[in-house]
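Here is a report on a two-chain model, written for reading beside the coordinates.

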Amino acid sequence: MIYETKTTHEEKGNVPSIMTANNVDVFYGKKQAICNVSLDIPENQITALIGPSGCGKSTFLRCFNRMNDTINICRVSGKIKFSGQDIYEPKVDVVALRSRIGMVFQKANPFPKSIFENVAYGPRIHGLAESKDELESIVVQSLKRAGLYDEVSDRLNEPGTSLSGGQQQRLCIARAIAVDPQVILMDEPCSALDPIATAIIEDLMETMKENYTIVIVTHSMQQAARVSQQTAFFHLGELVESGDTQAIFTNPIQERTQNYISGRIG
Amino acid sequence: MPNYILNTSRQMAKRHGREKRFKWYGRIAIFISIAFLIFMFSAIVFRGASAFQQTKISLDINFSEAIIDPTSSRDPEILKRANYKPVVLESLSNVIPGITDRRDRNRVYKLLSAGAVFDLGEQVASNPKLLGKSKSVWLLASSEVDLFMKGKIDSNISEDLRRLKDKDIEWIEILKSQGKIKKTFNTTLFGKGDSREPEMAGILGAAIGSFFSLLVCFLIAFPLGILTAVYLEEFAKKNFLTDFIEVNINNLAAVPSIVFGLLGLSIFLNFFNLPRSTPLVGGIVLALMTLPTIIIASRSILRSIPQSIRDAALGLGASKTQTTFHHVVPLAMPGMLTGTILGMARALGETAPLLMIGMVAFIVDIPKGVTDVATSLPVQIFLWADSPEKGFVERTSAAIIVLLVFLILMNLCAVYLRKRLERRW
């Protein structure tokens, strides 16, 4: 039923995969949003998912930490493995899974609480800090890693919503980092930001990849080209082509990829 | 360049005209509603304002021990129930000359409220040292005298058509000329329970009854309603059963309140044998009636909390319960409280269900708990409006004013909470 269009460039080198998706199908009710997608996510690299609106890249991203569970009519089949374990097995604790795989959303969504509380919430519910001092150091450390600490160090008690859009998004990144995940999923994190704020976050991702594996959904091909090592192109719910970013952008194998990156479809 | 941008065409004129007309329809509608509101409020205030005053007559009472407590028992019960009529009459005839025959004595005694002697009894019982002494006391005047003092009895109409005769009016004028009759703030209205005599009737009993009913109502409806809303909105799967429940909740909100009264009568009184006419049962019935309102309001508030907040918490690995109670419910709380207060305000004004469970009885005592027999403010208004005594007319309006003040206070409270607790995101 689904004809195979997936092609992989065999030039990734020997980077081990932290997550692998095998034959993943996603249905919203009767409508199929993702058709038979298989993709490996290499560790400590940035993987970009690109494609036109409605192609299913966000849906696919949300499969990795089972955020699709919150949508009633959504059904996922296939295998997604994280460190060799199938995350859709019934015995898997979704709460624990999401503490290993963090997420940053399209629209910055800080809690309507103070900056400190925003970052401290994750460690607190997971019991990561034994004492108040420890919690404080986790918060400071996370804010530093998100490149936000210098800007907010003197107003940690102000509401997170009082920050600018770019700062809010970095606060959300700090909040995700504070739980110490291995993978961070980013769903178009810069789509609501101006170019300067975008550049700051892109630089931040560059430094973050030393410690974390990042999967980013973006509708900006330039961004994918700038930040990612691996790119996967989605179209109409199918994974058309995936592989080394440079190869995809300079020498795509599939015609659809060629058309998309040259601006003829999308 | 096309000229229709700057010049008004016929079509543009029509569009402007339509807009103008629509504005005027709106203004007229608002004007009419406000006019009705002002008309209603001013009618109530006009009628009820005089009830906040009551007439009292000053008498120099000689607390003669021989008449009040001939056995010198000093027993408070005896002092309370002693016959004070002779001492009152004696002091009245000192003030008003020419009272000799029995009929006159009885008439002049009627200038005072029937409760005046009880008042004296209470005073003496609480302070027995008064015995044997003489003291000037302000005593409650009868309702007819009160109405006359407030100018509500026209002395020009035929004597046969009024209960206050010319002679009574003459006596009142004598008291007036000596400064022994005056209008004071009506403490009875706010400090006493119901009575058959208008001048002795108060709304405190009904207000306390309403308070206890609302307390029970709040304690049941608030937690139940909010937990139901949170469960249905955040946890329950959307399926046939939850749809069915939702439809039924919406229907319940539209059920006439008297049906809830019948339910209370047949289940809580007849089946569970809970005490009749009590705020406990009243509160339960009002809670059942308020629940759908609270659930519907709370659900719509929960629905308005942005999904991004839930995503943020879930994405961090918070469980469904943590997400709901750490983030969603606190954000929804101001709205939920507002919905609850508005529901309670409706319950405060509700009469019909309380009639069915017997809170319509004539109750003089002020309830001390939720299991004491009581009535409620709107029921008290209903009872007074039904009374033939003329003195109750103004008191009915006064009770309505008090009820309205409570309702306005509750609504203001809701507005304040909404403004105060609201957090932006």
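Two strands pair if DSSP finds at least two bridges between them. Helices (H or I, at least four residues) and strands (E, at least two) are DSSP runs, numbered from the N terminus. The model is predicted: local features need pLDDT of at least 70, side-chain atom pairs count only at pLDDT 80 or more, and totals for chains, interfaces and linings use all residues. Residues are numbered from 1 along each chain as its sequence is written, with chains lettered from A and ligands numbered from 1 in the order in which they are written.

**The antiparallel sheet of chain A**

Chain A has an open sheet of 4 strands. Its order is E3-E2-E5-E6, and the pairing is antiparallel. E3 and strand E6 (85-86) of chain A are the edge strands, each pairing on one side only. Strand E2 (residues 17-28) of chain A runs antiparallel to E3(A), and 8 bridges join them. Within E3(A), A:Val37 stands opposite A:Val24.

How many residues of strand E9 (residues 213-217) of chain A are buried? The count is 5 of its 5 residues. Buried means that 20 or more other C-beta atoms lie within 10 Å of the residue's own; exposed means 12 or fewer, and partly exposed is in between, with C-beta atoms placed from the backbone. In a regular strand the side chains alternate between the two faces of the sheet. Both faces of E9(A) are covered. A:Thr213, A:Val215 and A:Val217 are buried on one side, A:Ile214 and A:Ile216 on the other.

E8(A), helix H7 (residues 195-208) of chain A and E9(A) make a right-handed β-α-β unit. A crossover is right-handed if, with the strands pointing away from the viewer, the path from the first strand over the helix to the second runs clockwise.

**Positive phi in chain A**

A:Asn36 is not a glycine, yet its phi is positive, near 50 degrees. A:Asn36 lies in strand E3 (residues 31-42) of chain A. Why does A:Asn36 count as buried? Because A:Asn36 has 20 C-beta neighbours inside 10 Å.

A:Arg66, also not a glycine, has a positive phi of about 55 degrees. A:Arg66 sits in the loop between helix H1 (57-63) and strand E5 (74-82) of chain A. With 18 other C-beta atoms within 10 Å, A:Arg66 is partly exposed.

A glycine follows helix H3 of chain A: A:Gly127 has a positive phi, near 65 degrees.

**Helix H3 of chain A**

H3(A) spans residues 115-125. Its buried residues are A:Ile115, A:Asn118, A:Val119, A:Ala120, A:Tyr121, A:Gly122 and A:Pro123. They pack against helix H4 (132-145), helix H5 (149-152) and helix H6 (165-178) of chain A. Residues are in contact here if their C-beta atoms, placed from the backbone, lie within 7 Å.

**Chain B: domains and a helix pair**

Chain B is divided into domain 1 (54-184) and domain 2 (204-421). These bounds come from an automatic or database domain assignment. The C-alpha centres of the two domains lie 46 Å apart.

Helix H10 (residues 204-235) and helix H17 (residues 377-386) of chain B have axes that come within 8 Å and cross at roughly 145 degrees. Axes are lines fitted to C-alpha atoms, for helices over the stretch in contact, and angles run from 0 to 180 degrees between N-to-C directions. H10(B) contributes B:Ala206, B:Ala207 and B:Ser210 to the contact; H17(B) contributes B:Leu377, B:Val379 and B:Gln380. By type, 4 are nonpolar, 2 polar and none charged. Ala, Val, Leu, Ile, Met, Phe, Trp, Tyr, Cys and Pro count as nonpolar, Asp, Glu, Lys and Arg as charged, and the others, Gly among them, as polar.

B:Ala207 of H10(B) is buried, with 22 C-beta neighbours inside 10 Å. B:Ala207 and B:Ala399 are 192 residues apart in sequence, but 9.6 Å apart in space, C-alpha to C-alpha.

**Where the chains meet**

The contact takes 21 residues from chain A and 18 residues from chain B. On the chain B side, helix H14 (307-315) and helix H15 (320-348) each supply at least two residues. H14(B) gives the most, with 6 residues. The chain B side divides into 7 nonpolar, 6 polar and 5 charged residues.

Methods. Contact = placed C-beta atoms within 7 Å.
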